[in-house]
Amino acid sequence: VTATGKCDVVIGTTPQMLCALGGYVVSRFKRRPFILEVRDLWPKHIIDLGTITNPVIIRGLKRLEMFLYRRSKAVVVVAEASRKHIEERGVPAAKLNTITNGIDETFFVPKPKNGLRARFGWSEKFVVLYIGTHGLSQGLETILDTAALVADEPRYHFVFVGSGAEWQSLRDAAAARGLANTEFLPYQEKAAMPDFYGAADVCLVPLKKRDVFRYNIPSKMFEIMACARPMILGATGQAQQVLEQACAGIAVEPENPEAYRDAIVYLAEHPDEAERFGRNAREHVVAHYTRNDKADAFLACVESTLNGIAIATDAGSS
């Protein structure tokens, strides 16, 4: 704690909750105000996914969550639905701030269909891309089911790129099912991501059908949008609102392989519509979700918090 030197404010983030708790502890040692950033609703996230079921542990985590809300001078969330949920838990609206994720629109840029398609043998394929974490939240088994539904149509090719707890098991499951229209590639460096997006005909953002996912916006949505690719989103709530406001793709029922199939086939058969979704996506993300604008908003929140504390202190001493 002492090695970090002087500071004006301490910011802790979730997940994980222990990281946020560590930030609060540092703020007490430093005697500086604590700001809590909530990127995912924990412990709701792990409770809804069934990762933790012990009622004693759940009660303890919920108490820790409310403790951090109460002790923070400001709470920053990345989705308006999350802000409303926390307010309904009894946290004063005055300390809640919504600042969504942003994107570096100069890095994530539209790319033409490129050499990756030739390199991997995708030139004649309609490439359905998922790139990111292969974990419990995404429910990628549903995408394997979708691939099975179109296995007799050689045009469609499903590409999974990334890493995570489920990556190998998904790969093994695809092989066991004889899904020749699937391909699994390991984690790629960030520098390659715009090229992968550019090589895709459509990009997937799947999530499991859980209540918690109505409150957040997957950050990969903004990457896909900035790269001007059409999107199929398997989520409801806040994420679906963003997609529909941008007119950037098709939202389907989570964990519904038939719905994914229908959306994929529709975009394959309507390339002009897919292109329009991509253009809309890029325009919307540049207008509303650039990283510089979001950084400015966060700094303004910090300054407002510090100024509010200073004003309250001055008023109390007069």
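Reader: How is the lining of the largest cavity divided into nonpolar, polar and charged residues?
Author: The model is a predicted one. The largest cavity is lined by Thr-14, Met-17, Leu-36, Val-38, Trp-42, Glu-65, Leu-68 and Tyr-69. By class, this lining has six nonpolar, one polar and one charged residues.

Reader: Which element supplies the largest share of the lining of the largest cavity?
Author: The cavity in question has a volume of about 40 Å³. Two elements, strand S2 (34-38) and helix H3 (55-71), each supply at least two residues of its lining. The largest share amounts to three residues, and the element that provides them is H3.

Reader: Which strand gives the most to the lining of the largest pocket?
Author: The largest pocket has a volume of about 1,000 Å³. Of the 41 residues that line this pocket, the closest to its centre are Thr-133, Gln-138, Pro-218, Ser-219 and Lys-220. Elements supplying at least two lining residues each include strand S5 (126-133), strand S6 (156-163) and helix H9 (220-226). With four residues, the strand that gives the most is S5.

Reader: How many residues in the lining of the largest pocket are charged?
Author: The lining of the largest pocket has 21 nonpolar and 14 polar residues. The charged residues in this lining number six.

Reader: Which helix contributes the largest share of the lining of the second largest pocket?
Author: The second largest pocket has a volume of about 270 Å³. Of its 16 lining residues, the closest to the centre are Lys-113, Asp-201, Arg-229, Pro-271 and Ala-274. The elements that give two or more residues to this lining are H11 and helix H12 (271-288). The largest share is five residues, and it comes from H12.

Reader: How many charged residues are in the lining of the second largest pocket?
Author: This lining contains seven nonpolar residues and one polar residue. Its charged residues number eight.

Reader: Why are H6 and H11 described as oblique to each other?
Author: Helix H6 (residues 141-149) and helix H11 (residues 257-269) have their axes 8 Å apart. An angle of 65 to 115 degrees would count as roughly perpendicular, and one under 35 degrees as roughly parallel. The two helices pack at an angle of about 60°, so their arrangement is oblique.

Reader: In which hand does H6 pass H11, and which residues of H11 make the contact?
Author: H6 passes H11 in a right-handed crossing. On the H6 side, the contact is made by Thr-142, Ile-143, Asp-145, Thr-146 and Leu-149. The H11 residues are Pro-257, Glu-258, Tyr-260, Arg-261 and Ile-264.

Note on methods
Residues are numbered from 1 along each chain as its sequence is written. This is a predicted model: local features need pLDDT of at least 70, side-chain atom pairs count only at pLDDT 80 or more; totals for chains, interfaces and linings use all residues. Side-chain values use heavy atoms; hydrogens and water are left out. Axes are lines fitted to C-alpha atoms, for helices over the stretch in contact, and angles run from 0 to 180 degrees between N-to-C directions. Angles under 35 degrees count as roughly parallel, over 145 as roughly antiparallel, 65 to 115 as roughly perpendicular and the rest as oblique. A crossing is left-handed if the near helix is turned anticlockwise from the far one by less than a right angle, and right-handed if clockwise. Contact means heavy atoms within 4.5 Å. On a 1 Å grid over the protein atoms alone, a cavity is a set of points where a 1.4 Å probe fits but cannot get out, and a pocket is an open set with protein on both sides within 12 Å along at least five of seven lines; lining residues have an atom within 4 Å of a point. Grid points are joined across faces, edges and corners, and a volume is the space filled by probe spheres set on the points. Ala, Val, Leu, Ile, Met, Phe, Trp, Tyr, Cys and Pro count as nonpolar, Asp, Glu, Lys and Arg as charged, and the others, Gly among them, as polar.
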